[in-house]
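Here are my notes on the model below. Please read them with the structure open.

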Amino acid sequence: MTITDMPQTAAAVPPASRPPTAVSGAPEFASGAPGPVSQTQKRDRLAPGRDRFTAALPYVAAIFGTLVGGIGFATSYTTLADVALSWGFGEDLARWFPIGVDASILAFLALDLYLILRGIPWPVLRMAAHGMTGATIWFNASAQGEIGADPVRAASHGVMPVLFVIGVEAARRLFIQKAQLEAGTATDRIPLHRWILSPIATPRFYRRMRLHGITSYPEMIRRQQELTAYEQWLKRKYDGDLSEASDDELLPMKMAAHGYTVAQALALPEQQEREAEQRAEEAERRRLEAETRRELAQKKAAADRLEAEGELEAVRARVEGQTAQARAHARAQASAAERAAELEEQALETAAVAEARAREAEAQRREALEREEAAAADARAAETERAAAETRRAAAEASRQAEEDKAREKAAAADWQQADERAAEAQRRAAEARLAAAEIEQRAVEIEDAAKLSPRERAVRKVVRMALAAGAVFVGLGADEIHPELCRVVSIADVQREFDVSSTDTASKYRQEAAALIVNGYRP
C-alpha cells in the first residue's frame, strides 16, 4: 500500500501535539495553537447574575408551557367530542375520543424526549406526535364550518395545539443540546453569513466537518487556513509549479479530504516506516522464541526417554534375579528326589545296610540341601548386587544427562541474551546510519534548494547518495571503474522505484550522469 492509498479514517491526534515536519524545509503548523473561542466556550462565560437568571428560565418555560398545553387540550375537548359524536361514535365513546387523541400526543412526545435522554432517538415518535397534532388542529378548525368561509375563527381554534408543539420542540432542542454537551459531542453550527457569502465552498466545508467528526467551527477554520498557507508556501518554493513537488510534499492536499491536518499528513511517511520496522522486529522476536521453545521441548523429551530407559533396566534386572532363584530351587528339589529313589532301591537288600545307607543318604541329602541353599543364597545375593549396581549406573547416567541438559539450557539462555544484545547493537547502528543518511539527505536538499537545481539534476545527485548509502566505495577508482561500481549497488529497478519512472532508458541515463558527476568530484 502506498501513502496515497491510505484508508479514509484519520486517527485522532490531540490538538496540543506538534507532529514532526517530514518534508525538508516545510514550515511547521502547530495544531495546538490557540484559536478563536467556540460558541460552546462563549456560553460558559456568562456572568454569575445571568447564570441565576438563565437557571430560572427553564422552570418559567415549563410552568407556562404546561399552562398553554392544558388550556389547549381543555378548549379542544368539547370540539373533538362534538366531532366524534357527529361521526356516530355514540355519547360514551365520543367523550373518550378527545382524551385518546390528546393522550397519544403526550405519550409520543414524552417517549421521544425519554429516548433522546437515553441516547437512542427514534424520529417516528416525533412524526407520529406531529401527525396527531395536525389532526387535532384540523378537527378543531373544521368543526366551526367551512375553513375558507371564516379563516380567522378556524385559526383561533387551532392555534393552541400549534403553540404547544412549538414549546415541546423547544424543550426537545434543549434536551438534545444538553445531552451533547455532557457527552462532549456538541457541534458548532456554520454561521448563516458563510452560506450566503460562500455558497459553493461551504457545502464541502460542512461535509468535511461531519464526515470526520470535527465539532468545532473555529478548529475547522484553522485547519483550512493551515492547508491554504502550506499550499501557498509550496507554490512559492517551486515557482507555482506543484508538479515538481514530491509525493510526500503533496500529502497534505491529498489527505485533507480524509480528515488529516497538515502536520498529520507530513508525519505519515515516517510513521509508516516506523510501524513497518516494529512489525519486522516483532516477527523476528516471535520466530526466535518459537525456536527456543522447540529446542527446550526436544531436550525435555530426550531426558524423559533416558529416565524411562533407566527404570526399564532396573525392572529387567529384578525379574532376571527372581527367575534365576526359582530355577536353582527347582534343580535342588529334582536332585533330592532322584537321590531318594536310589536309596529306596538299595534299602531292599538288607535292613541293616538299608538303615546305614539311609542314614548316610540322609546325611548326604542334608549336606546337599545345605550346599544348594548356600549356593542359591549366594546367587540371589550376587543377582541383587548386580541389579543394584545396574540401577545405580542408570541413575548416575540420568543425573549426568540432566546436568548436561541444564548446562545446555544455560548456554542457550546465554546465547539468547547475546543475540538480544547483538540485535540491540544492530538496531542502534541501523538507527545511527539512518540518522546520518537523513542528515546527509537534508544537507544535500538544502544545497540543491539554494542552487535552484532542476528536478533532473536533483534526481542525478540523489542516485549518487543512494549508491553511497548502499555501501559503494569510489575512492581510488579510475574514471572507467566508477560506473560499474555504481551499477553494482544501484540497479535500474531501484532508480525506477525511487523516482517513479517507467522508462528503463531514463533510469540508465540517471546512473550514467551520476557516474559522470562522481568523476567530476561531486561528494554529498
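**Notes on the predicted model**

1. The largest nonpolar core has 20 residues, and Ala-467, Phe-474 and Leu-486 touch the most other members. A nonpolar core here is a set of buried Ala, Val, Leu, Ile, Met, Phe, Trp, Tyr and Cys residues joined through side-chain atoms within 4.5 Å. Buried means under 20% relative accessible area, exposed means over 50%, and partly exposed lies in between (1.4 Å probe, protein chains only). At least two residues of this core come from each of helix H12 (455–469), helix H13 (479–489) and helix H15 (504–519). Helices (H or I, at least four residues) and strands (E, at least two) are DSSP runs, numbered from the N terminus. A second, separate core has 11 residues, including Ala-84, Ala-94, Ile-105 and Phe-139.

2. A word on provenance. This is a predicted model: local features need pLDDT of at least 70, side-chain atom pairs count only at pLDDT 80 or more, and totals for chains, interfaces and linings use all residues. Residues are numbered from 1 along each chain as its sequence is written, and side-chain values use heavy atoms, with hydrogens and water left out.

3. Now the whole chain. The protein chain has 15 helices and zero strands. Of its 524 residues, 25% are buried. Its accessible surface comes to about 33,900 Å², and 58% of that belongs to carbon and sulfur atoms (Shrake-Rupley method, 1.4 Å probe; for residues, only the protein chains shown count as cover). Among contacts (heavy atoms within 4.5 Å) with a separation of 6 or more, 59% join residues 24 or more positions apart.

4. What does Leu-486 contact, leaving aside its neighbours within four places in sequence? Its partners are Val-463, Ala-467, Phe-474, Arg-511, Ala-514, Ala-515 and Ile-518.

5. H13 packs on H15 at an angle of about 135 degrees, with the axes 9 Å apart. Axes are lines fitted to C-alpha atoms, for helices over the stretch in contact, and angles run from 0 to 180 degrees between N-to-C directions. The two helices, H13 and H15, are therefore oblique to each other. The classes are roughly parallel under 35 degrees, roughly antiparallel over 145, roughly perpendicular from 65 to 115, and oblique for the rest. The H13 and H15 crossing is right-handed; that means the near helix is turned clockwise from the far one by less than a right angle. On the H13 side, Ala-479, Ile-482, His-483, Leu-486 and Cys-487 meet residues of H15 that include Arg-511, Gln-512 and Ala-514.

6. H12 also packs against H15. Their axes come within 8 Å and cross at roughly 70 degrees. That makes H12 roughly perpendicular to H15. The contact involves, among others, Arg-456, Ala-459 and Val-460 of H12 and Thr-506, Lys-509 and Tyr-510 of H15.

7. Please check two backbone angles. Most residues other than glycine have a negative phi. Asp-239 has a positive phi, near 55 degrees. Asp-239 sits in the loop between helix H8 (217–237) and helix H9 (251–255), and is exposed at 74% relative accessible area. Asp-500 also has a positive phi, near 55 degrees. Asp-500 is in the loop between helix H14 (492–499) and H15. Is Asp-500 buried or exposed? Asp-500 is exposed, with a relative accessible area of 65%.

8. One last pair. Gln-177 lies in helix H5 (residues 151–183) and is partly exposed, at 26% relative accessible area. Gln-177 and Thr-187 are 10 residues apart in sequence, and their C-alpha atoms are 9.1 Å apart in space.
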